[in-house]
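Please look over the chain shown below before reading on.

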Amino acid sequence: MNTNLRQFCLSAAIILGFAATADAADFAPAVAEYRAAHKEADRVLEGHVWYPSLSQEPERLLKGSAVWRNISGHLDARIAPGVFPVVMMSHGMYGNSMNQAWLAKRLAADGIIVVQPNHPGTTSFGRDPDQARQLWLRATDLSVSFDQLLTDPRFADHMDPTRVAAAGHSLGGYTVMAAAGARHDVAHFNQSCADAPARPDCAALEMWKVGHSPDDLEALQSDRSDPRLRTVIPLDLGGTQTFAPDSLAEIDIPVLVLGSGRQDMLDQTIESRALVANLPENLVTHVEVEDAGHFDFMGVCVEGGYELLEREEPGDEIVCVKGQDARIAQHDRIYELIMTHLRATGVVAQH
């Protein structure tokens, strides 16, 4: 389909209300893989797209795990007719596109296309310090993924480029804030780390040598915003102290900041609360999810997952604290907060 015809069909679909051609309960959550390459960097992305389908076939296993509950979906099913909003989703440090699959699957069932890239260098299966050093490319990964999928014949005619959001967990929260226009400030960050070098964000960026090379500074501190974003949602973000305060004050789209009420991993005072304090008051909504921990934004653990990690990877068992029924309840709360925000900002149509 040529560009003019595609744009005409997209506009017509929006005007006629075809963005939801079936009730949310009718959508079967489907998932497929995608691949994208940066034009200006030696960086190839692989990831998953969750999307609404009308498949009546049984779900199939996407990913099994000894720690996390299995993830299933309608693998490679045909996308449902219609034009749908898009949510870009960014995983945390040493995470991957499976971490928020629980959320992506629920959004797909509600008629939303969710794009989840694996960020090179900071994935659980690709811990490359040199790629991690190029922290500025994380936000660009989202834009590159979206650009690629707008040319993908499976999805191109079903994505509404006027209704796009981004959500990210932990370092993914840093990523979506950068995509909203927050700029990295090396001097500001170094000052904040002077008396707290062991702080998780300080230790991570020091390990990766972020901002050490003069050749990196211009790219690292550049504007990586994507003007197509209508809103962003950081989920217990890490890295607030990296941002220039004036760049946060200049962000001009709504931001939903979800923090962890338990504060079991990140200090809310220097992370989510500090972010909120620097954003325009009329554009920010802040919720510290009661009794939620940092890892409640990730998947559900299997029975015995805590004990397995305690035995095999001592220290990592924290990811499964309250990781079963209590986490499922937290997922329900988090999902409702996100959907309410997406409706309020016009990314998702009001019912």
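1. For a chain of 351 residues, a compact globule would have a radius of gyration near 20 Å, and the chain agrees because its value is 19 Å. This radius is taken over C-alpha atoms, and the globule rule is 2.2 Å times the number of residues to the power 0.38. The C-alpha trace spans about 55 × 45 × 40 Å along its principal axes.

2. This is a predicted model, in which local features need pLDDT of at least 70, side-chain atom pairs count only at pLDDT 80 or more, and totals for chains, interfaces and linings use all residues. Residues are numbered from 1 along each chain as its sequence is written, and side-chain values use heavy atoms, with hydrogens and water left out.

3. The chain has twelve helices and ten strands. These are DSSP runs numbered from the N terminus: helices are H or I with at least four residues, strands are E with at least two. Of contacts (heavy atoms within 4.5 Å) between residues at least 6 apart in sequence, 77% join residues at least 24 apart.

4. Buried residues make up 54% of the 351 residues. Buried means under 20% relative accessible area, exposed over 50%, and partly exposed in between, with a 1.4 Å probe and protein chains only.

5. There are 28 positive and 48 negative side chains, and the centres of the two sets lie 4 Å apart. Lys and Arg count as positive and Asp and Glu as negative, while His and the chain ends are not counted. The place of a charge is NZ of Lys, CZ of Arg, CG of Asp or CD of Glu.

6. Asp76 is not a glycine, yet its phi is positive, at about 60 degrees. Asp76 sits in the loop between strand E4 (71–75) and strand E5 (84–90), and it counts as exposed because its relative accessibility is 56%.

7. Which aromatic pairs are there to check? The whole structure holds four aromatic pairs. Rings of Phe, Tyr and Trp (its six-membered ring) pair if their centres lie within 6.5 Å; planes under 30 degrees apart count as stacked, over 60 as edge-to-face and the rest as tilted. One of the pairs is Phe27 with Phe84, whose ring centres are 5.7 Å apart and whose planes are at 85 degrees, so the pair is edge-to-face. The pair links distant parts of the chain, 57 residues apart: Phe27 is in the loop between helix H1 (3–16) and strand E1 (28–37), and Phe84 is in strand E5. Phe84 is buried, with a relative accessible area of 0%.
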